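Subject: Structure handover

Hello,

Here is the structure we discussed, with notes on what was found in it. Please keep in mind that this is a predicted model.

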Amino acid sequence: MTRPASNESRPYALRPCFVAYSELLGVSKQRLIGLMGQANKEMIDRVYGKYVNFLEKDRQAIQDFFGEDYWGE
């Protein structure tokens, strides 16, 4: 049995990136709570809502990837 080379290869590692991208794009906290399956914003703020260095430079690429319907208020 072999182990993955790093945690980045596991789908769970995508959760912090998803939150960071969503917050950068201005997705409402309530929508994000629902998308993440959390009961409140505490887990998102404490665990997933960490600042990612230089994420702003990729804002347009992230916005293009998610598309206009992502905000879905």
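How many salt bridges does the structure hold? There are five.

One of them joins K29 and D45, with the closest N and O atoms 2.6 Å apart. K29 belongs to helix α2 (residues 29-36) and D45 to helix α3 (residues 42-48), so this pair ties together parts that are 16 residues apart in sequence. K29 is partly exposed, at 27% relative accessible area, and D45 is partly exposed too, at 32%. D45 also forms a salt bridge with K41, where the closest N and O atoms are 3.1 Å apart; K41 is partly exposed at 45%. E23, K29, K41 and D45 are linked in a network of salt bridges.

Another salt bridge pairs D58 with K57, at 3.6 Å between the closest N and O atoms. Here D58 is partly exposed at 32%, while K57 is exposed at 66%.

On helix packing: α1 (residues 14-25) and α4 (residues 59-66) pack at about 100°, with their axes 10 Å apart. The two helices are therefore roughly perpendicular to each other. F18, Y21, L24 and L25 of α1 meet R59, I62, Q63 and F66 of α4 in this contact. By class, the contact has six nonpolar residues, one polar and one charged.

Within α4, the buried residues are I62, Q63 and F66. They cover an arc of only 100° around the axis, which puts them on the same side of α4. These buried residues pack against α1, whereas A61, D64 and F65 are exposed on the face turned away from the buried side. After α4 comes G67, which has a positive phi near 85°.

Regards

Notes
Residues are numbered from 1 along each chain as its sequence is written. This is a predicted model: local features need pLDDT of at least 70, side-chain atom pairs count only at pLDDT 80 or more; totals for chains, interfaces and linings use all residues. Side-chain values use heavy atoms; hydrogens and water are left out. Axes are lines fitted to C-alpha atoms, for helices over the stretch in contact, and angles run from 0 to 180 degrees between N-to-C directions. Helices (H or I, at least four residues) and strands (E, at least two) are DSSP runs, numbered from the N terminus. Angles under 35 degrees count as roughly parallel, over 145 as roughly antiparallel, 65 to 115 as roughly perpendicular and the rest as oblique. Contact means heavy atoms within 4.5 Å. Ala, Val, Leu, Ile, Met, Phe, Trp, Tyr, Cys and Pro count as nonpolar, Asp, Glu, Lys and Arg as charged, and the others, Gly among them, as polar. Buried means under 20% relative accessible area, exposed over 50%, partly exposed in between (1.4 Å probe, protein chains only). The arc is that of the directions from the helix axis to the C-beta atoms. A salt bridge is a side-chain nitrogen of Lys or Arg within 4 Å of a carboxyl oxygen of Asp or Glu.
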